[in-house]
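Please read them with the coordinates open beside you.

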Amino acid sequence: MGVAVENALIQAKGLAFRFPKGTVALSDVDFSVVAGEFVSLVGPSGCGKSTLLRLVAGLIPATPGSLTVGGADPKASRGGEHRCGFVFQSPTLLPWRTVEANLTLPLELENVSRSRSREVAADWLSRVGLSEFAKSYPAQLSGGMRMRVSIARALASRPQILLMDEPFAALDDITRGRLQEELLALREREGFTTLFVTHNVSEAVFLSDRVLVLSARPGRVIGTISVPFGTRRDPDLRGEPDFAHLVRGATHLLREAGS
Amino acid sequence: MKRILPFLPPLAFLVLFLVAWQTAVRLLQVPAFLVPSPISVFAEAWNSRADLVPASLTTLAGALAGFAAALVGGTFGALLFSQARWIRSSLYPYAIFLQTVPIVAIAPLIVIWCGPGFASIVLVSFVLSVFPVLSNGVEGMTRVDPQLLELFSLHNASSGQILLHLRLPHSVPYLVAGAKVASGLTVIGAIVGEFFAGYGTRHPGLGYLILQSAGQLRTELLFASVAASTVLGLFMFLATGLAAKWTLSRLDEPGSA
């Protein structure tokens, strides 16, 4: 571990984070993510997974040099080539805005012209299959639909990196499965790099190229599992013995991490 | 019919109360300057309508202007307060001052500063009714979802954009609730203002009329003026309540609007 990868898009070296109140959330975290990769972070609750995502997004400051995005400080990536999109645990849509207006929000904030952001919104709505709901309000949508809007909103400003913080945790099994498959298809088409936080091991294995297992607080990477199933994955993969084997391995690691 | 039904019991009680009052005054032969009978109050109200109607309108104008000032001032104050914790902690005690100071104590001061007349009346009404708007507005603007704030900063939003697209729209239901509380207070404020500064308006308002009729022991007119101010207060409260209901229904089910 701790190997510096030459062409890493996200690179953490000895990354630590302490909350202002003194709790150490992360200590000595090493990992790297190359462009186009889908990496999941699993770990016991409270291990600092969400904090890690916020550090990568530049929402909270990391010790200079310990974390780089595109070779620079995470905050510097905003609005630039290596920008991040963020999908939160809850859809966090603005209830007073229509679905379309929620999608155009990030573009408006970045001063993209109104007509252009409408085009982009319409395009993304069709990609997530919600075109007919453009004029609906979030309250009128199901939980799964709201999460689709939230994902489309994160992708609408064309980020190179998509950060997802347990986005499907609150959804029912069937919706979660469907959204996982949709996310894989989106990723195959759009080619963004993903850092995905979850506490669901089989979700992590199904989606990722690599699963990083974090220890209990203070979190650090205690194991990496490579998932050799390629980018195009069939839903039936979840029933394959190879898949079950990987999930079991990751679960064992996680169990050690929790103790 | 179903919509009128809830109003029937209080209406029936009012009628009953007036009948009892009338009978009691008649039977006990209470002098009119102590407690006039309802009928004589109504008669006096009708005879003095040339005074009562303009007085009510004057007071209504003062209350409405005070209300408008409270809505605008409260909202802008909340916008300012929402900008930083240090602004809130250094100014909030003075905002609470508005809520806790006895209005009758500072009303004379206001008259000294602004002179007798409409301006002072509006200011008293404003001071009395701005706090609920301000405190609710601050609540609504600061209690936004922290994840939404993160989303905004991820896209390099300026604090102006955060205010316009997040804090202000989020605070609307809070401001509406504050306006409902403030609406009743505005009439009280206008009448108290007229006690002190009412001699300066072109048409005397209800507050001034109340003072005057009390001084002259014209108890019928006093009762009629008090009744008129009650009606005004009710009107303000109900009108604001309806406006609030309409606004919130649009927010709750924006799709149906």
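1. In this predicted model, an open sheet of six strands in chain A has the order 5-6-7-3-8-9, and its pairing is mixed. Because strand 5 and strand 9 (221–226) of chain A stand at the edges with a single partner strand each, one side of each is left without a neighbour in the sheet. Ignoring direction, neighbouring strands of this sheet are turned by 15° against each other on average. Strands here are DSSP runs of E with at least two residues, helices are runs of H or I with at least four, and both are numbered from the N terminus; two strands are taken as paired if DSSP finds at least two bridges between them.

2. Residues are numbered from 1 along each chain as its sequence is written, while chains are lettered from A and ligands numbered from 1 in the order in which they are written. Local features need pLDDT of at least 70 and side-chain atom pairs count only at pLDDT 80 or more, whereas totals for chains, interfaces and linings use all residues; side-chain values use heavy atoms, with hydrogens and water left out.

3. Helix 1 of chain A lies across strand 3 (38–42), strand 5, strand 6, strand 7 and strand 8 (210–214) of chain A, and runs at about 155° to strand 6 of chain A. Such angles run from 0 to 180 degrees between N-to-C directions, with axes fitted as lines to C-alpha atoms, for helices over the stretch in contact, and contact means heavy atoms within 4.5 Å.

4. A further open sheet in chain A is formed by three strands in the order 2-1-4, with antiparallel pairing. Its edge strands are strand 2 (24–34) and strand 4 (67–69) of chain A, each of which pairs on one side only, and the twist averages 20° from one strand to the next. Helix 1 (residues 49–57) of chain A packs on this sheet as well, touching strand 1, strand 2 and strand 4 of chain A, and its direction makes about 60° with that of strand 2 of chain A.

5. Which strands of chain A are joined by seven bridges? They are strand 1 and strand 2 of chain A, which run antiparallel; A:L15 has A:V29 in strand 2 of chain A as its bridge partner. These two strands form a hairpin with five residues between them, and A:G22 in the turn has a positive phi of about 110°. Strand 1 (residues 8–18) of chain A also pairs with strand 4 of chain A, in the antiparallel sense over three bridges, among them those of A:A12 with A:L67 and of A:I10 with A:V69.

6. Chain B has 10 helices and zero strands, and its C-alpha trace spans about 80 × 50 × 25 Å along its principal axes.

7. The contact between the chains takes 26 residues from chain A and 18 residues from chain B. The area buried between chain A and chain B is about 2,000 Å², of which carbon and sulfur atoms give 63%; this is the accessible area (1.4 Å probe) that the two parts lose on being put together, summed over both. A:R78, A:W96 and A:L109 supply 33% of the area that chain A buries against chain B, more than any other three residues.

8. Across this interface the rule finds one salt bridge, a term that requires a side-chain nitrogen of Lys or Arg within 4 Å of a carboxyl oxygen of Asp or Glu. The side chains of A:R54 and B:E150 meet in a salt bridge at 2.7 Å, N to O. Helix 1, strand 5 (84–87) and helix 2 (99–109) of chain A each supply at least two residues of the side of chain A that touches chain B, and the largest share, four residues, comes from helix 2 of chain A.

9. Over all chains the structure holds 19 salt bridges, including one in which the side chains of A:D123 and A:R127 meet at 2.4 Å, N to O. Because A:D123 and A:R127 are four residues apart in helix 3 (residues 114–127) of chain A, they are separated by about one helical turn.
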